[in-house]
Amino acid sequence: MNSFSVIIPALNEKTNIKNLLPEIFRVINESPHKFEVLFILGNKEEFIINETYKDLHFLNRKHKNFASALLQGIKCSNFNYIITMDCDGSHSFSEVYKHLNYFLNNNLDIMTFSRYKDSAKNNEKYFNVLLSRFLNRAIGIFSPFKLSDYTNNLRIFKKSIIYNEPYISKHFEFLYEVLIKAHTRNPQLKVEEVPTVHLKRKSGVSKKNHFYYIVKYLYLVIKLKINKQ
C-alpha cells in the first residue's frame, strides 16, 4: 500500500467541490492505497458538508495566488506522493487513478497529463486551445523535457521534487517553474507524460486571463534563463 496526498486549490468553487467530492471518494474507497484530500480555499472561505469523508481537509490559503496555495497544500500534506488537480470539473480523478500503478511500478518522479498528446482530448473553447498550444510550444523550446503540455495542473509526483527555495512564480506559471527547477537540481529525473481528456468547467467562471498568463509564462522563461547564466 502506498500513500497519496491530493492537493486541490479551490478559490470560490463551492459548487464544484460538492460535485468533485463524491467522485474522488468513490475511487478512494475502493482503492488499496491510502489517501488524504486537501482543498485550499480562499482566505476567509468556509465549507460545510453533511457527509463524512475520511482524511478530508479544508485549509484557508495564506495568500490569494495559485502558486502559494499549491505550495501551502504540499507543505501541509502528510504523504510522499502528491496528486494535484483543478477543482473546476475539468480534471477527472478516476483518470488520474488509473495511472497510479504505472507511476509506482516505474518509479517515476513526475507524471504529467497532456491535453495534446496522442489520444488526448481537450474540450475547452477553440480559441483557448489555440492560445494554450501556442504557449506550450513556445515555452517548450527552452525546456529540457520533451512535453506537449507544461501548463496542466493534473500531475502525480514525488514530494521530494519540491525544494525549500524561493520560487519566482505567483500564478499558473508555477507549473512550469517546478519542472525546470526540479530538473536543475536533479537532471536524472524520471518524467513521463500521458494523454488525458480535459473536460469543460462544470460551474462558475475561470480565473484565467489567457493573454495575461502567456505574458507571465514568457517572462518566467526569460527570468529562469537569466538566473541560470
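Points are joined across faces, edges and corners, and a volume is the space filled by probe spheres set on them.

This is a predicted model, in which local features need pLDDT of at least 70, side-chain atom pairs count only at pLDDT 80 or more, and totals for chains, interfaces and linings use all residues. Residues are numbered from 1 along each chain as its sequence is written, and side-chain values use heavy atoms, with hydrogens and water left out.

I then took the second largest cavity, which holds about 80 Å³ of space and is lined by 13 residues, with L70, R155, F157, L175 and V178 nearest its centre. The largest contribution to this lining, 4 residues, comes from α6, a helix spanning 174-185 (helices are DSSP runs of H or I, at least four residues, numbered from the N terminus).

Next I looked up the largest nonpolar core, where I161, I162, Y176 and Y217 touch the most other members among 37 residues; such a core joins buried Ala, Val, Leu, Ile, Met, Phe, Trp, Tyr and Cys residues through side-chain atoms within 4.5 Å, buried meaning under 20% relative accessible area (1.4 Å probe, protein chains only). To this core, too, α6 gives the most, with 7 residues.

Definitions and conventions
1 Å grid on protein atoms, 1.4 Å probe; cavity = no way out; pocket = protein on both sides within 12 Å on 5 of 7 lines; lining within 4 Å. Helix = DSSP H or I, 4+ residues; strand = E, 2+ residues; numbered from the N terminus. Buried < 20%, exposed > 50% of the residue type's maximum accessible area, 1.4 Å probe, protein only.
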